[in-house]
Amino acid sequence: MPVTILIVEDELAIADSIAYALRTDGFVPRHVSLGAQALEAMRGADPAALPALVVLDVGLPDMNGFEVCRQLRQFCDAPVIFLTARSDEIDRIVGLEIGADDYVTKPFSPRELVARIRVVLRRLAPPAAPPAGRFDIRAAQARILYRGQVLELTRYEYLLLKALCEHPGHVLSRAQLMDRVWADAPDTLERTVDAHIKSLRAKLRQVDPADDPIQTHRGMGYSLAGA
């Protein structure tokens with residue numbers, strides 16, 4: 001389903017350039033020029049049609065963009081990216097403290113803005129569900145069940161398997177797994193990933209010798225096969 005982005009910008013040329021970049025990247029842009037219109041659009045929208053993100057200019061004709069964000073946060077948690085001609089650090093801090101997710105200073109590249117939009121949406125997206133029937137992540141207890149059985153895992157084995165479970169079918173490179181699992185041990189070598197994958201496979205085979213859910217992609221990384 002196409003993702004709608006609300007553009008709140010009173011300068012038509014800027015709004016048009018953002019809308020064009022969004023359409024080119026597969027988004028559906030919606031444009032309003034005033035803060036009051038933005039609040040009405042977000043408050044009155046059908047939940048199914050609610051814009052996924054708001055690109056909000058700070059210097060609007062009717063009200064300050066910061067005030068729009070404050071009011072928006074009273075009834076909506078849609079992510080907000082501020083646009084502003086001011087680069088003062090205090091403005092960036094205020095914007096982020098009242099609930100903005102990013103801050104872009106004019107002039108800017110519309111393509112860079114779209115890239116930032118994708119980063120924010122990806123960061124806030126709920127993790128994908130693990131393959132049904134195989135794995136059950138109990139994050140509160142730092143446990144993972146496989147075929148209904150609790151796996152006896154080390155800390156790094158748990159984090160590694162959890163990372164794979166949260167992205168079923170997606171190939172994660174060794175570097176990506178290092179960032180997710182060994183962020184607190186930056187001097188760890190990438191071959192450590194291979195060693196932990198080997199130990200994980202051994203523990204999974206103890207539960208189900210016929211199943212090998214962890215897939216190796218030579219030169220690319222590892223993935224967890226779907227159920």
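Which residues of E3 are buried on one side, and which on the other? Select strand E3, residues 53-57, and look at both faces: Leu53, Val55 and Asp57 sit on one side, Val54 and Leu56 on the other, and all are buried. Buried here means under 20% relative accessible area, while exposed means over 50% and partly exposed is in between (1.4 Å probe, protein chains only). In a regular strand the side chains alternate between the two faces of the sheet. Five of the five residues of E3 are buried, so the strand is largely enclosed by the rest of the structure.

A quick note before moving on. This is a predicted model, where local features need pLDDT of at least 70, side-chain atom pairs count only at pLDDT 80 or more, and totals for chains, interfaces and linings use all residues. Residues are numbered from 1 along each chain as its sequence is written, and side-chain values use heavy atoms, with hydrogens and water left out.

**Stop 1: the five-stranded sheet**

Now show the strands around E3. They make an open sheet of five with the order E2-E1-E3-E4-E5 and parallel pairing. Strands (E, at least two residues) and helices (H or I, at least four) are DSSP runs, numbered from the N terminus, and two strands pair if DSSP finds at least two bridges between them. At the edges you'll find E2 (28-32) and E5 (102-105), each pairing on one side only.

Next, select E1, residues 4-8: four bridges join it to E3, and Leu6 stands opposite Val54. Hop over to E4, residues 80-84. E3 and E4 pair over four bridges, again parallel, with Val55 opposite Ile81. Four bridges also join E4 to E5, where Leu83 has Val104 as its bridge partner.

**Stop 2: helix H3**

Select residues 65-72, helix H3. Its buried residues are Gly65, Phe66, Val68, Cys69 and Leu72. Why are they on the same side of H3? They cover an arc of only 160° around the axis, which puts them there; the arc is that of the directions from the helix axis to the C-beta atoms.

At the N-terminal end, click on Asn64, which caps H3: a side-chain oxygen lies 2.6 Å from the backbone nitrogen of Phe66. Rings of Phe, Tyr and Trp (its six-membered ring) pair if their centres lie within 6.5 Å; planes under 30 degrees apart count as stacked, over 60 as edge-to-face and the rest as tilted.

**Stop 3: the three-stranded sheet**

Another open sheet has three strands, in the order E6-E7-E8, with antiparallel pairing. Its edge strands are E6 (135-138) and E8 (149-150). Select E7, residues 143-146: E7 and E8 pair over two bridges, and Tyr146 has Gln149 as its bridge partner.

**Stop 4: a stacked pair**

Finish with Tyr156 and Trp182. How far apart are they, centre to centre? The answer is 5.4 Å, with 20° between the planes, so this aromatic pair is stacked. Tyr156 lies in helix H6 and Trp182 in the loop between helix H7 (174-181) and helix H8 (191-207), so the pair ties together parts that are 26 residues apart in sequence. Colour the two by accessibility: Tyr156 counts as partly exposed at 22%, whereas Trp182 is buried, with a relative accessible area of 3%.

Note on methods: A polar contact is a pair of N or O atoms within 3.5 Å; within protein, one must be able to donate a hydrogen and the other to accept it, and residues adjacent in sequence count only if both atoms are side-chain atoms.
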